[in-house]
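Subject: The two-chain model, with notes

Hi,

Here is the structure I promised to pass on to you.

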Amino acid sequence: MWQGLREELKDSNFEIVTIAADAKGSGAVEPFITAAHQQHPSLLDENLRVAELYDVRNVPAIFWIDESGRMVRANDPVYAQRRNRETAETTLNQEYLDAVRDWAARGPESAYVMDETRLGARLPNLDFDDVAAAASFHLGTYLALHGHPDEALIHFKRAHSLRPENWTYKRQAWNLGDIERDYGTSFQEALKDPASGPFYPPLDLVEASGG
Amino acid sequence: MADATVLYQDRETRVKGAGSAGDDLWMPLSELKAISGWELKPEGVCKDEVCVPVPDARRQAMIRGDQFNLTEFARLIEQPVAHDENTSVWYFGPPAWEWKSRLTSRLAPEFTLPDLSGRMHALSDLRGKKVFLLFWASW
């Protein structure tokens with residue numbers, strides 16, 4: 001898990017911060033946090049407002065922030081461990097952990113630091129429909145948590161149609177309702193929806209050579 | 001005139017005497033600051049150091065007597081608004097100058113969030129360190 005990395009890099013001016021972007025709040029996430037014996041700041045973003053600020057379109061989403069507060073990688077869809085589908089064996093994601101180690105050691109000289117073009121691809125400029133989708137999502141979440149599931153559905157569906165590539169809006173809405181009953185689909189079917197684009201973007205750990 | 005619930009990003013207010021007509025939300029001018037943080041001054045609609053002048057052409061659509069049209073103001077500053085008719089709940093998102101510049105500077109957006117014990121943590125507390133920031137969820 002990430003804690004091992006934190007321990008290893010504790011003398012490299014390095015800190016891990018995790019944020020649970022989860023409308024069900026501490027009740028839903030506390031068991032995970034407790035089980036992991038987390039030592040780093042482990043924070044709760046119950047209204048997903050900070051997830052909105054970072055344009056988190058799915059989880060996990062990892063950002064690297066340098067000493068001056070600038071982002072040098074954004075929206076990496078990475079777990080600390082990998083699971084082999086055939087053998088169900090779990091191994092550490094060494095390739096990514098090594099990339100983090102490299103950044104901790106070399107800072108801006110690290111090949112894993114993204115340049116402006118690559119960052120721009122991970123953080124597209126927002127248009128009005130994007131923020132309108134966020135408004136509908138937040139309204140839907142409020143209504144779902146205040147006993148108005150039918151009304152919530154209207155606004156969640158509007159958010160999904162305005163910003164189909166945002167899986168956070170979908171997965172949180174499904175979690176607050178029922179994907180089959182309310183949305184007439186299944187997770188496997190939703191993954192195939194061409195309007196949604198990929199569930200996770202390609203990791204693109206280093207810049208493609210020759211490109 | 002009826003009650004409405006206004007979610008002005010993190011601020012939730014129950015507004016008595018609100019009037020909604022289609023996509024418009026009128027409310028007593030006296031409630032404006034409590035609901036939104038904005039207040040009407042001679043130079044415009046102001047909050048902290050920001051003052052938004054009200055164009056003459058839109059004044060009539062925004063201010064009538066002691067009533068203020070919060071949605072017309074939202075259109076002026078390009079705030080997204082979502083409205084649920086059945087429950088009379090309104091959500092107002094951030095103004096254009098916040099969302100248009102949010103990520104283009106590549107500065108990591110500042111936040112302050114609680115941990116499980118309620119202790120608050122700000123990203124800026126970690127300035128001078130490399131920060132590995134991970135979002136996750138139970139869903």
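This is a predicted model: local features need pLDDT of at least 70, side-chain atom pairs count only at pLDDT 80 or more; totals for chains, interfaces and linings use all residues.

**Chain B as a whole**

Chain B has 4 helices and 13 strands. Its radius of gyration is 18 Å, whereas the globule rule gives 14 Å for 139 residues, so chain B is more spread out than a compact globule. The C-alpha trace spans about 55 × 35 × 20 Å along the principal axes. Of the 139 residues in chain B, 32% are buried. If you take the contacts in chain B between residues at least 6 apart in sequence, 34% of them join residues at least 24 apart.

**The sheet in chain B**

An open sheet of 7 strands runs through chain B in the order E7-E8-E3-E2-E1-E10-E9, with mixed pairing. Which strands stand at the edges? They are E7 (63-64) and E9 (81-84) of chain B; each has a single partner strand, so one side of each is left without a neighbour in the sheet. Chain A comes in here as well: its helix H6 (residues 128-145) packs on the sheet and touches strands E1 (2-8), E9 and E10 (89-92) of chain B. The direction of H6(A) makes about 140° with that of E10(B).

On one side, E3(B) runs antiparallel to strand E2 (residues 11-21) of chain B, and 3 bridges join the two. Here B:Ser20 has B:Leu25 as its bridge partner, and B:Gly19 is partnered by B:Trp26. The hairpin of E2(B) and E3(B) has 2 residues between the strands, and B:Gly22 takes a positive phi near 60° in it. E3(B) is also joined by 3 bridges to strand E8 (residues 67-69) of chain B, again antiparallel.

**Where the chains meet**

The contact between the chains involves 65 residues of chain A and 40 residues of chain B. Which element gives the most to chain A's side? That is H6(A), with 10 residues. By class, the side of chain A that touches chain B has 41 nonpolar, 12 polar and 12 charged residues.

Strand pairing also crosses from one chain to the other: strand E3 (residues 61-65) of chain A and strand E13 (residues 130-136) of chain B run antiparallel and are joined by 5 bridges. Within E13(B), B:Phe135 is the residue opposite A:Ala61.

A:Leu44 lies in strand E2 (residues 42-44) of chain A. Is A:Leu44 buried or exposed? It has 21 C-beta neighbours inside 10 Å, and 20 or more are enough, so A:Leu44 counts as buried. Beyond its neighbours within four places in sequence, its contacts include A:Ala20, A:Gly25 and A:Val29, as well as B:Leu113 and B:Pro114 from the other chain. A:Ala20 is 24 residues away from A:Leu44 in sequence, yet their C-alpha atoms are 5.0 Å apart.

**Domains of chain A**

Chain A is assigned two domains, domain 1 (2-122) and domain 2 (128-196). Their centres, taken over C-alpha atoms, are 25 Å apart.

Terms used:
Residues are numbered from 1 along each chain as its sequence is written. Chains are lettered from A and ligands numbered from 1 in the order in which they are written. The radius of gyration is taken over C-alpha atoms; the globule rule is 2.2 Å times the number of residues to the power 0.38. A residue is buried if 20 or more other C-beta atoms lie within 10 Å of its own, exposed if 12 or fewer, and partly exposed in between; C-beta atoms are placed from the backbone. Two residues are in contact if their C-beta atoms, placed from the backbone, lie within 7 Å. Two strands pair if DSSP finds at least two bridges between them. Axes are lines fitted to C-alpha atoms, for helices over the stretch in contact, and angles run from 0 to 180 degrees between N-to-C directions. Ala, Val, Leu, Ile, Met, Phe, Trp, Tyr, Cys and Pro count as nonpolar, Asp, Glu, Lys and Arg as charged, and the others, Gly among them, as polar. Domain bounds come from an automatic or database domain assignment.
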